[in-house]
Amino acid sequence: METVKDNKYIVPSLVSAGKILRYLSSYRHNRATLGEISKKLDINKSTCYRILLTLSDMKLLSYDSETKTYSLGHYLVVLGKRAE
């Protein structure tokens, strides 16, 4: 099976979205700001912002306007249950 780096059919923004979801799924980084996510995952800040907005709109992420942090969204519970 080909790796992500070797596959010419991979969509880079989806890879970045997956990295963001995995990053926020760790207990250490379960809440993070745009700047923290962008820097840690080496994703261009404007691209990262658009991905975060899209994932938030899809309820896959939640945004706290007081702390300006993103965390995993409630719809992931539904997806997790279905994957069970």
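Strand E1 (residues 61-64) and strand E2 (residues 69-72) run antiparallel and are joined by four bridges; two strands count as paired if DSSP finds at least two bridges between them. Strands (E, at least two residues) and helices (H or I, at least four residues) are DSSP runs, numbered from the N terminus. The model is predicted: local features need pLDDT of at least 70, side-chain atom pairs count only at pLDDT 80 or more, and totals for chains, interfaces and linings use all residues. Residues are numbered from 1 along each chain as its sequence is written, and side-chain values use heavy atoms, with hydrogens and water left out.

**The strand pair**

- Leucine 61 has leucine 72, in E2, as its bridge partner.
- Four residues lie between the strands in the hairpin of E1 and E2, where lysine 68 takes a positive phi near 55°.
- In a regular strand, the side chains alternate between the two faces of the sheet.

**The aromatic pair**

- Rings of Phe, Tyr and Trp (its six-membered ring) pair if their centres lie within 6.5 Å; planes under 30 degrees apart count as stacked, over 60 as edge-to-face and the rest as tilted.
- By this rule there is one aromatic pair.
- Tyrosine 63 and tyrosine 70 form this tilted pair, with 4.7 Å from centre to centre and 45° between the planes.
- Tyrosine 70 is buried, with a relative accessible area of 4%, whereas tyrosine 63 is partly exposed at 42%.

**Positive phi in the loops**

- Most residues other than glycine have a negative phi, and most peptide bonds are trans.
- Aspartate 42 is not a glycine, yet its phi is positive, at about 55°.
- The loop between helix H2 (34-41) and helix H3 (45-57) holds aspartate 42, and this residue is exposed, with a relative accessible area of 72%.
- Lysine 59, also a residue other than glycine, has a positive phi near 65°.
- Lysine 59 belongs to the loop between H3 and E1 and is exposed, with a relative accessible area of 54%.

**Packing of H1 against H3**

- The axes of H1 and H3 are 10 Å apart, and the two helices pack at an angle of about 70°. Here axes are lines fitted to C-alpha atoms, for helices over the stretch in contact, and angles run from 0 to 180 degrees between N-to-C directions.
- H1 and H3 are therefore roughly perpendicular to each other. Angles of 65 to 115 degrees count as roughly perpendicular, under 35 as roughly parallel, over 145 as roughly antiparallel and the rest as oblique.
- From H1, Ser13, Ser16, Ala17, Ile20 and Leu21 meet Cys48, Ile51, Leu52 and Leu55 of H3, where contact means heavy atoms within 4.5 Å.
- By class, the contact of H1 with H3 has seven nonpolar residues, two polar residues and no charged residues. Ala, Val, Leu, Ile, Met, Phe, Trp, Tyr, Cys and Pro count as nonpolar, Asp, Glu, Lys and Arg as charged, and the others, Gly among them, as polar.

**Buried residues in the helices**

- Serine 16 lies in helix H1 (residues 12-24) and is buried, with a relative accessible area of 15%.
- Not counting residues up to four places away in sequence, serine 16 touches Ile43 and Ile51.
- Isoleucine 37, in helix H2, is buried, with a relative accessible area of 0%.
- Although isoleucine 37 and isoleucine 20 are 17 residues apart in sequence, their C-alpha atoms are 7.2 Å apart in space.
- Leaving aside neighbours within four places in sequence, isoleucine 37 is in contact with residues including Ile20, Asp42, Leu52 and Tyr70.
- Serine 56 has its place in helix H3 and is buried, with a relative accessible area of 16%.
- Leu61 and Tyr70 are touched by serine 56, not counting residues up to four places away in sequence.

**The protein as a whole**

- The secondary structure comes to four helices and two strands, and from the N terminus on the elements run α-α-α-β-β-α.
- Taken along the principal axes, the C-alpha atoms fill a box of roughly 40 × 35 × 25 Å.
- Of the 84 residues, 26% count as buried.
- Among contacts between residues at least 6 apart in sequence, 39% join residues at least 24 apart.

How values were computed
Buried < 20%, exposed > 50% of the residue type's maximum accessible area, 1.4 Å probe, protein only.
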